[in-house]
Structure formats: structure tokens, C-alpha cells
Amino acid sequence: MPQQIVREEIVKGAGTQFDPQIAKVMQHLIDVDEEYNMKEREEVQDLIGKKELICTNYRREISDGIRITSTIIKMRIQSEPTEKGDAARFLPTIVLFDSLDGRVHTEEKLARDMVYFEYAEVRLDGHVTISGARTSRVDATDKETKITSILKKPQGNIYDIEAVKYKDHLMITIDNGLKNMQVIIALPDSTRYVYMGITGENCHITEVTAKKQGVTIEDGYIPRIAPEISFIDGPAGDIPNVQVDGFRTAFSEGVAVRDKMEIRFHTMSLPTARLIWHCPFIVFFTSRDGRVEGENYIERAVVRLDGECWTPDNSVRNQLLVSQQVDFEGWNAWKDKNKAGYDCVVTFERTKNEMIMTTENLGIQIRDTIAVDAHKEIYVALSGDQCALTDIRISNKA
């Protein structure tokens, strides 16, 4: 089962079917398992779920997907035509897509249940067919080859492929021994995952290997061919706006909590958000420089505005009280109103040995009391999952 569906079942059964403490730990493990390493998989020879592919009609056979991230993946594919005819078409093709289970789906109901979305097809001669992506660019250059190297080349066509993604851009490079091709695709957003499945027409695909190179790219590595998708344009408040494309992928600046303080901000779930926990998070921490993941960073608690809380350090006393008020209209209405956007107010009160946070949004009232060290500064930062946080205002109360 897709992990997000598993997570929802754990949330529903916490306190009845499942021990609430164990359920909370399991929810956190799923949240941080961004590459689905916990997902049960069959024992296979390679990473695409099949030892080989014999493709007859186009897309009849498609491998499981390999997730493309900001860490470069290198692949090698060997392919031979199985029919005489249009050899230019009888090549492997990469299908770029997103789905909850990392597989291509064509049946309408299953595709809907798995939230299937297809970006493009990239044939290994550099031909691109766009479906859900915004645009693409292909650059090809001939390679200088020696006769001896060609003679030593194994039978069949061998393709060396590298794939990498950064935010809303994806780059695939293809080397077939005679030509280098660079394919850049502008995605419709920075939020969805991208999987790469292998298929073809009238070809026998073998010797597929795939491994991460351990090299993580940064901004500027992939040439931009379309404007960045942003939901935080416009004036900022006291600190910069924050767009959180995935689970805690971005944070606001840290703010020291002193005496009585209030943070006001506007939140809006991104168009791709579909789950209850696609909402803002409040992160409490200590660090020497007041930055998330900064020097001597220690996380004290994470409170989500749907009422869930995670305390990394069990030695920290944390008392969370969550109640549904009379104006709570149910979780479907909660998700709809998060997508529409609303203004949020969070108050903090710091005493010598504890800090109290309170907020009420869309009928969910939260009060969290955290024990703190009287001699340490406590910072708060905003984060979340698939949400845009804008017009962040900070004020101290008398």
C-alpha cells in the first residue's frame, strides 16, 4: 500500500486499534522516509523492479519507477530491436510520472486512487513528448569516436543515462556512444515527486543498472528554461515569506521566544495538497546561531496546526492539549479551507522553566506546554508540508 494511505489508517486507528505512542512514532517514521525506503519490495536484480523488459506494443511493459531527486542517478541500459522495420522507433523510452506507489497506471480508477500524474516521455534518441510538463529543451552534440572503440563496442545499443531534479526542473543526459543528448524539462510545480519508468516498442531491454552517484546538485546546475513557480510573491512581513514544497523542505527564520510574543501569518496549502497534514508546522528548537539546523541545533518539539505533535527528545516534558470546537466542520472542510487560505495567529508565553503556545484555526484549538531550560534561548520557526506562508508578522506583548 502507498505509505500515505498507510499513514492515514494509522492516524484513524490511534488510540483504538493502535497504541497511541507507537502510532505517533510510526507516523513520524513515514514522514521522514522521503524515498520510501520502508516500503516492502520484491527481491529483484535491479532498481526498476524487473530483470529485463521485452517490449512489443508501445508501453505494454513498463518498469517500476526510480525516484529522481537532487542526487544524481546514473543508469546503463542495453537494448536490441526485436522486429525489422522502423529502427528509429524501436528504442527504449523513459516515462516521467508521479504516483503514490511509484508505478505507471492507465486504468482510470486506479490512476485516480494513486494520484497518477504524467509529465513526459523521453525516447533515447532525444525525442520528447510532453503531457503534464510545461516545456522542454533538447541539446545534442556528436561525439568524437575512434574506429577501434566502435569495433570493441558490444552488440546491441548501450545507453548511459544520468538523471537529476532540482525544484521544478529536471535534466536527463543520454550518451549512446555516438551522440550526447541533454534533455531539460520544466515541471508544473516543485512539489510532486518524479519517477522514471522504462518502456519501449519492439525492443528487448537488458543489463539495466542504476545507482546514485552521491553527488547532490544545487541551484544553477540545471539551466532554467521556464519561470520558477512561486506562491509567495508579494510583500513580506517582518521576516521573508516561505514556500514549503514538501515535508519540512523549507523554514522561516528563527525567532527567539521572550516573555509574551505573537506571530501572525497567512497560510495557503499548495494546489497539489490533498492530505490533512499539508498545513503549517511550528518548530521549537535551540541552536547557537538561532537557525534551524544551525550550530548545536536541538529540536524540542514540532506542532502541526491539525493538532499533531512530535517530540524528538522523550526527556523533554511536553503537554499537548487539542480540542475540536463547535465551529469545526470536519477534515474535508479543513482541507478545503487550507487550500483557500486563512490568517493564523499563534501566541507564545515564556516563563523561567516553561513555554506555552496557543492557537485556534478552523475549529482546532491547540495548547502546548514545553519544559525549557531557564538559561537557554528557545527559538520558533515556521515550516510545514505543501503550504505557502506569507506576511509573517512578529510582535511582543506587554
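I started at F348 and listed its contacts, leaving out residues up to four places away in sequence: V257, D259, K260, M261, I263, I282, F284, I356, M357 and V380. I note that the model is a predicted one.

Next I looked up the core around this residue. F348 is among the residues with the most contacts inside the largest nonpolar core, along with F265, I282, F284 and V380. I find 47 residues in that core. Strand β16, residues 280-286, gives the most to it, with 5 residues. I then looked for another core and found a second, separate one of 33 residues, which includes M75, A120, V128 and V183. As background, nonpolar side chains in soluble globular proteins tend to be buried together.

I turned to helix α5, residues 331-340, and asked which of its residues are buried. They are A333, W334 and N338. Seen down the axis of α5, the buried residues fall within an arc of 140°, so I record them as lining one face of the helix. The general rule is that an α-helix has 3.6 residues a turn, so residues three or four places apart point the same way. On the face of α5 turned away from the buried side I find the exposed residues N332, D336 and A340.

What do the buried residues of α5 pack against? I list β15 (260-269), β16, β20 (342-350), β21 (354-361) and β22 (364-371).

For the surface, I looked up a nonpolar patch. V25, M26, L29 and V32 form one, with about 280 Å² of accessible area together. I checked V32, which is found in helix α2, residues 20-32. Is V32 buried, partly exposed or exposed? Its relative accessibility is 42%, so V32 counts as partly exposed, because that class lies between the 20% limit for buried and the 50% limit for exposed.

Last, I took the totals for the chain. I count 5 helices and 24 strands in its secondary structure. Of the 398 residues, 47% are buried. The chain exposes about 20,300 Å², and carbon and sulfur atoms supply 48% of that area. For contacts between residues at least 6 apart in sequence, I record that 71% join residues at least 24 apart.

Note on methods
Residues numbered from 1 in each chain as written. Predicted model: local features only at pLDDT ≥ 70, side-chain atom pairs only at ≥ 80, totals over all residues. Heavy atoms only, no water. Helix = DSSP H or I, 4+ residues; strand = E, 2+ residues; numbered from the N terminus. Buried < 20%, exposed > 50% of the residue type's maximum accessible area, 1.4 Å probe, protein only. Contact = heavy atoms within 4.5 Å. Areas by Shrake-Rupley, 256 points an atom, 1.4 Å probe, with all protein chains shown as cover. Core = buried A, V, L, I, M, F, W, Y, C linked by side-chain atoms within 4.5 Å. Patch = residues over 30% accessible without salt bridge, like charges linked within 9 Å, V, L, I, M, F, W, Y side chains within 5 Å. Salt bridge = Lys/Arg side-chain N within 4 Å of Asp/Glu carboxyl O. Arc of directions from axis to C-beta.
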